[in-house]
There are 2 protein chains.
Amino acid sequence: MNRPFNFSAGPAVMPEEVLAQAAAEMLDWHGSGMSVMEMSHRGKEFGQIATEAEADLRELLEVPSHFKLLFMQGGGLAENAIVPLNLSRGETADFVVTGSWSQKSAQEAARYCTAHEAANTQSSGFTMLADPASWQLSKQPAYVHLCSNETINGVEYQALPNLKALGCDAPLVIDFSSHVASRPVDWSRVGLAFGGAQKNLGPAGLTLVVVRDDLLDRALPICPSAFTYKTVADNASMYNTPPTYSIYIAGLVFKWLKRQGGIAAMEARNITKAELLYGAIDSSALYLNRVEKHCRSRMNVPFYLRDEALNDAFLAGARERGLLQLKGHKSVGGMRASIYNALPIEGVQALVSYMRDFEAQHG
Amino acid sequence: MNRPFNFSAGPAVMPEEVLAQAAAEMLDWHGSGMSVMEMSHRGKEFGQIATEAEADLRELLEVPSHFKLLFMQGGGLAENAIVPLNLSRGETADFVVTGSWSQKSAQEAARYCTAHEAANTQSSGFTMLADPASWQLSKQPAYVHLCSNETINGVEYQALPNLKALGCDAPLVIDFSSHVASRPVDWSRVGLAFGGAQKNLGPAGLTLVVVRDDLLDRALPICPSAFTYKTVADNASMYNTPPTYSIYIAGLVFKWLKRQGGIAAMEARNITKAELLYGAIDSSALYLNRVEKHCRSRMNVPFYLRDEALNDAFLAGARERGLLQLKGHKSVGGMRASIYNALPIEGVQALVSYMRDFEAQHG
């Protein structure tokens, strides 16, 4: 079967093997006579699915035992409120604003606490990261928030900052929605990580939260029960009915990741894919990526045609070659190729080949 | 294909045709080359899916044009907080407590407003409804909340109360999670209705909210953006990434409901199914349902074996005959048969036949 290559920023490409298995099991999961969609979340069949999904993800991401792994709902935008409701104590939280997502996080948090901008790279057009040494941290922030990969702007931290080395004892909160499972996480530098599943983990509607045990007891009284981390943790992510089918699909993705060799193998492939695409952009006279090279995202590659009048022709030609969903985010325009774990190297090769042909034709 | 009959209270049985179509379309939706899971929620393919789902549901439930229909996340338990965050203004809201779910709603609302119990039937073991004429309503409640079908206790309103006739101008809020789409709704008596999808509409992880336009502007400042009805409505349920695959599956269920003849036809079938099962219980010496006859649920039928020592044998025998997930909720024990829209009459016939055989053997 020859499927097109899907460069959507999310919901995004899924491993074909996962989709095929989900289709085969749709009416009868493992002889249970039920679709996974039809199972009580309290039953032993779904219990097994959820337990395996959590164990596989914990193993893949090497999450230490003093962190809880929670399956929630609402995506990153909901977490922008849920994190300060759980962690801010109504005091001051610091935000490192390096793109659209961290900007939204700071704005939403201001409903629940004093949201202090420790840094803001907007004047660069969000094409760079701020050196941690230059951050203006508060004296005792409840936490420090950053987005470790900005999906829209294509800016990624290659290493997480060491807050302790900056003289700050606060927990670091990272929004890792769009690069989770594409590279290892240094948990010694993290207090809480959250991400919507719909980029590298599974279907939209599932949210992953990884939270250090000592941060579970800080929720404000106005935090809804269904979104209180301690309540969710105490009930093994089943305080309210979880998004069962999405957890099942994510579990299939986790098993696929393990078969691929785990996160280290994915990272190696992701580096290769990103180098190929950025190389093609940088060596061309038509295409342009504005992000500083040391913080370019391996997952989301925004690029522009120097002649914007060619945009529609570029997209139409791409579609003809089976290269889908390359249009850039409406807030920044241009193009964006999201090259997540499930996008094979052949997809990047096909894109690069098309870009060269298009440039030769229109250059 | 001979599938077992699934009596789960939710996540619950799905129409077999829907599952078969979802399996067939899993790798390529309508020639798009994408699974629905892989589609950007902003793209034209998913746009068509979401628009049709909303239009079909609006038609099925006969939702008037001055109500918004929202697809959200978090289920009924999250709505227990989201409703008072949006509607209470921090004032007093009235709760008619007739079972586990309305009780939870009142408890959660107390975080955001004064939650006044206008009635409480707990002393009956939640086996009855309170006559609206007996309700002790507040003077000017921000809203009046009830659960129109209590999933655990099996108590259902056969008609919604007319608050205006009780001298109360407040909007009525109904939690219709476990009987939505099983019978018509009298929208002239409703301000807001909400429900988790995982009983009669689709997969867990999708929440339906139907809200009257004049109630969209009352949210508290602490209401998270992703859960502010006006924000969700203004963005056609795409302020945050919606649970796209769950909306797609629900859309297939809506089309299935239309092929069955719509809600009126489903109601007629549901009456037949419920009469068959309650008739079998009432005419037996072994089985017992404690709910007052005029408010027995057509969807969730809790029943007890007078000899509780037989419970395990009953469940084991049921499983052997392909009658699944009949165990009652842990808080009330006994058995529960949830006989939602997608559970065919043949399933109820098989259950009744088994109950008679079991009684003959053990009676």
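This is a predicted model: local features need pLDDT of at least 70, side-chain atom pairs count only at pLDDT 80 or more; totals for chains, interfaces and linings use all residues.
1. The annotated span. An unreviewed UniProt entry lists residues 5–351 of chain A under "domain: Aminotransferase class V". In the model, the end C-alpha atoms of residues 5–351 of chain A are 9 Å apart.

2. Chain A has an open sheet of 7 strands with mixed pairing, in the order β2-β10-β9-β8-β5-β3-β4. Its edges are β2 (67–72) and β4 (114–120) of chain A, each of which pairs on one side only. On average, neighbouring strands of this sheet are turned by 20° against each other, direction ignored.

3. Strand β2(A) runs antiparallel to β10 (residues 207–212) of chain A, and 6 bridges join the two. Within this pairing, A:Leu69 has A:Val210 of β10(A) as its bridge partner. Helix α2 (residues 44–61) of chain A packs on the sheet, where it touches β2 and β10 of chain A. The direction of helix α2 of chain A makes about 130° with that of β2(A).

4. Helix α6. Does the length of helix α6 (residues 244–259) of chain A agree or disagree with its residue count? At 1.5 Å a residue, its 16 residues should span 22 Å; the end C-alpha atoms are 23 Å apart, so the length agrees.

5. Surroundings of helix α6. Of the 16 residues of α6(A), 13 are buried, and the helix is thus mostly covered. A:Gly261, which follows α6(A), has a positive phi, near 110°.

Conventions:
Residues are numbered from 1 along each chain as its sequence is written. Chains are lettered from A and ligands numbered from 1 in the order in which they are written. Side-chain values use heavy atoms; hydrogens and water are left out. Helices (H or I, at least four residues) and strands (E, at least two) are DSSP runs, numbered from the N terminus. The expected span of a helix is 1.5 Å times one less than its number of residues. Buried means under 20% relative accessible area, exposed over 50%, partly exposed in between (1.4 Å probe, protein chains only). UniProt positions are given in the numbering used here, feature names are shortened, and annotations may be inferred rather than shown by experiment. Two strands pair if DSSP finds at least two bridges between them. Axes are lines fitted to C-alpha atoms, for helices over the stretch in contact, and angles run from 0 to 180 degrees between N-to-C directions. Contact means heavy atoms within 4.5 Å.
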